[in-house]
Amino acid sequence: MQADIFAKKKRNTLVFLVLLGAVTVLAMVITEYNAVKGLASVPKAVQWGLSNFYPTAESLEKLPAILSKLQETLLVSVAATTVASVFALLFAVLGSNTTKVNRFFGGITRGIAAVFRNIDVAAWALILLFSFGQSSLTGYFALFFGSFGFLTRAFTETIDEVSGGAVEALKATGAGYLSIIFQSVIPSSIPQLISWILFMIETNIRSATLIGLLTGSGIGFTFNLYYKSLNYDTASLVVVVIIAAILCIEYISNHVRRVIL
């Protein structure tokens, strides 16, 4: 019996790999991608990067200005995530199968969250450019809308998974709706909710770099400015600063997760 199960898994894996290979080849044919030319360009790209794309003593003089823009990006990312999490929690409570007021409002809130979630933050930035122009406010709202959609879905699933039994127990004792929310749902879900918020902050810091290219603000715009002016040594310093910031934020968030979970 175990031999048959193992053989079936092996056969399914082989079929999956064959299908994946076929799709890859078909995509290369349709897009006219030349794999040989692509691989041959890798050594040249590495050689160019090693000879041009590295920080110098002159670029380090611009480090304070770069750190100032990085601070702006970090603050916008954190602010957009935390404010979005408040609205996301409200919509998650109304949309969760465990805590929804009724099926109609549950469907409406889930639909709104789905719309916001399925529009990429870059698309939000381009849409909002028409209203707010190139500014930090545009980047803030783009990150806010993207965070709201994602966190609403994550919070809803968390509430459904964590709070089901406790909610049923409180309903059986005759507890009111608000008592159930504040005495059961939020306390039992808070560690996972914080974990999702930390994950969203990490994601938004990465996304804010791209958003800055579109909105003309933050560390992304700084990188674009130096790169387009062929100031590659300073552009590389911006990349190093971004990587260091992301690693620090990831270390802090992982530490907080270990403490609360």
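Tutor: Some terms come before the part itself: an axis is a line fitted to C-alpha atoms, for helices over the stretch in contact, and an angle runs from 0 to 180 degrees between N-to-C directions. Helices are DSSP runs of H or I with at least four residues, numbered from the N terminus. The model is predicted, and local features need pLDDT of at least 70, side-chain atom pairs count only at pLDDT 80 or more, while totals for chains, interfaces and linings use all residues. Residues are numbered from 1 along each chain as its sequence is written, and side-chain values use heavy atoms, with hydrogens and water left out.

Helix α11 spans residues 232–260, and it packs against α10, residues 218–228, at an angle of about 155°, with the two axes 7 Å apart. That makes α10 roughly antiparallel to α11, where angles over 145 degrees count as roughly antiparallel, under 35 as roughly parallel, 65 to 115 as roughly perpendicular and the rest as oblique. The α10 and α11 crossing is left-handed, a word used if the near helix is turned anticlockwise from the far one by less than a right angle, with right-handed used if clockwise. On the α10 side, the contact (heavy atoms within 4.5 Å) is made by I219, T222, F223, Y226 and Y227, and these face Y232, T234, A235, V238, V239 and I242 of α11. Nine of the residues in this contact are nonpolar, two are polar and none is charged; here Ala, Val, Leu, Ile, Met, Phe, Trp, Tyr, Cys and Pro count as nonpolar, Asp, Glu, Lys and Arg as charged, and the others, Gly among them, as polar.

Now turn to α4 itself. Helix α4 covers residues 63–95 and packs with α11 at an angle of about 45°, the axes being 11 Å apart, and α4 and α11 are therefore oblique to each other. Here α4 passes α11 in a right-handed crossing. From α4 the contact uses L63, I66, L67 and L70, and from α11 it uses T234, L237, V238, V241 and A245. This contact divides into eight nonpolar residues, one polar and no charged.

The axes of α4 and α5 come within 8 Å and cross at roughly 140°, so α4 and α5 are oblique to each other, and their crossing is left-handed. In α4 the residues F91, L94 and G95 meet F105, G106, T109, R110 and I112 in α5. The residues of this contact comprise four nonpolar, three polar and one charged.

A search of the whole structure finds one cavity of 30 Å³ or more. The largest cavity has a volume of about 100 Å³, a volume being the space filled by probe spheres set on the points, which are joined across faces, edges and corners. Its lining includes E72, T73 and V76, as well as S136, G139 and L143, and the elements that give two or more residues to that lining are α4, α7 and α9. The largest share, four residues, comes from α9. Taken together, the lining of the largest cavity divides into four nonpolar residues, seven polar and one charged.

Methods:
On a 1 Å grid over the protein atoms alone, a cavity is a set of points where a 1.4 Å probe fits but cannot get out, and a pocket is an open set with protein on both sides within 12 Å along at least five of seven lines; lining residues have an atom within 4 Å of a point.
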